[in-house]
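Welcome! Take a look at the structure before reading on.

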Amino acid sequence: LRVLDVDETSDQTARDGSALCFVVNEWATGVSLDILLADDGPLSPRRAAWLIGEVAGTLEVAHAAGVSHGRLVPENVLIDRTGSVRVIGFAVDAALHGLPSGRVPDDVTGLAGLLYAALTARWPGAAPSVVKPAPRAHGRVLRPRQVRAGVPRVLDTLCDAVLNLDASGPGSHARGSFDLSTAGGIADALREFVGDPNGLADSEAAA
């Protein structure tokens, strides 16, 4: 969502005596990913890949402009009434939670976490979410295919390669021809999996 205005109060109104800052965002109505998963459960692989691919495309543009989100959680992904995928709290949400800015690698890990959540209805990220936490074993997040049957291997490998960075894990080396250390590489990998996206946004709007 676009930031329309940012301002600061001239008087000291906060509890600690400092001024208050506020941000005005573009308004949008729709359903956030956490609610979608609570209502519908895990998404189909193609729907999940398209949805998170849209988020990855947004992050690709933002990172090229030197801006990161900083706190990608299911609550910050919105499917609006037109079927468009919108990202909420860009940079602002991280600031409100006292997180450092400019952490592009955190955004990349967040994208893999969002894909994992969309595929399994389980959240593997470090930031809190109402989505149930993903199961772990031996310090690693279980692969999506270990949590839900039928997850395509390419999506399973993407999640595992980004979320479990140690080289000893199965599939951590199988990154294909895409640079999964960037939002653009993840976006390209998901676009290839989805193929022609025509009609997907219309389906989301109808839902």
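The buried residues of α1 are covered by parts that include β3 (30-32), α2 (45-64), β4 (77-80) and α4 (104-120). This is a predicted model, in which local features need pLDDT of at least 70, side-chain atom pairs count only at pLDDT 80 or more, and totals for chains, interfaces and linings use all residues. Residues are numbered from 1 along each chain as its sequence is written, and side-chain values use heavy atoms, leaving out hydrogens and water. Helices (H or I, at least four residues) and strands (E, at least two) are DSSP runs, numbered from the N terminus.

**Helix α1**
- Helix α1 spans residues 33-40, and its buried residues (under 20% relative accessible area, 1.4 Å probe, protein chains only) are Leu33, Asp34, Leu36 and Leu37.
- These four cover an arc of only 160° around the axis (taken from the directions from the helix axis to the C-beta atoms), so they sit on the same side of α1.
- Ala38 and Asp39, both exposed (over 50%), are on the face turned away from the buried side.
- Just after α1 comes Gly41, with a positive phi of about 75°.

**α1 and α2**
- Their axes (lines fitted to C-alpha atoms, for helices over the stretch in contact) come within 13 Å and cross at roughly 170°.
- The two helices are therefore roughly antiparallel (over 145 degrees, on a scale from 0 to 180 between N-to-C directions).
- Contact (heavy atoms within 4.5 Å) is made by Leu33, Leu36 and Asp40 of α1 with Arg47, Leu51 and Ile52 of α2.

**The sheet**
- Three strands form an open sheet in the order β3-β4-β5, with antiparallel pairing (at least two DSSP bridges between two strands).
- α1 lies across β3 and β4, at about 85° to β3.

How values were computed: Parallel < 35°, antiparallel > 145°, perpendicular 65-115°, else oblique.
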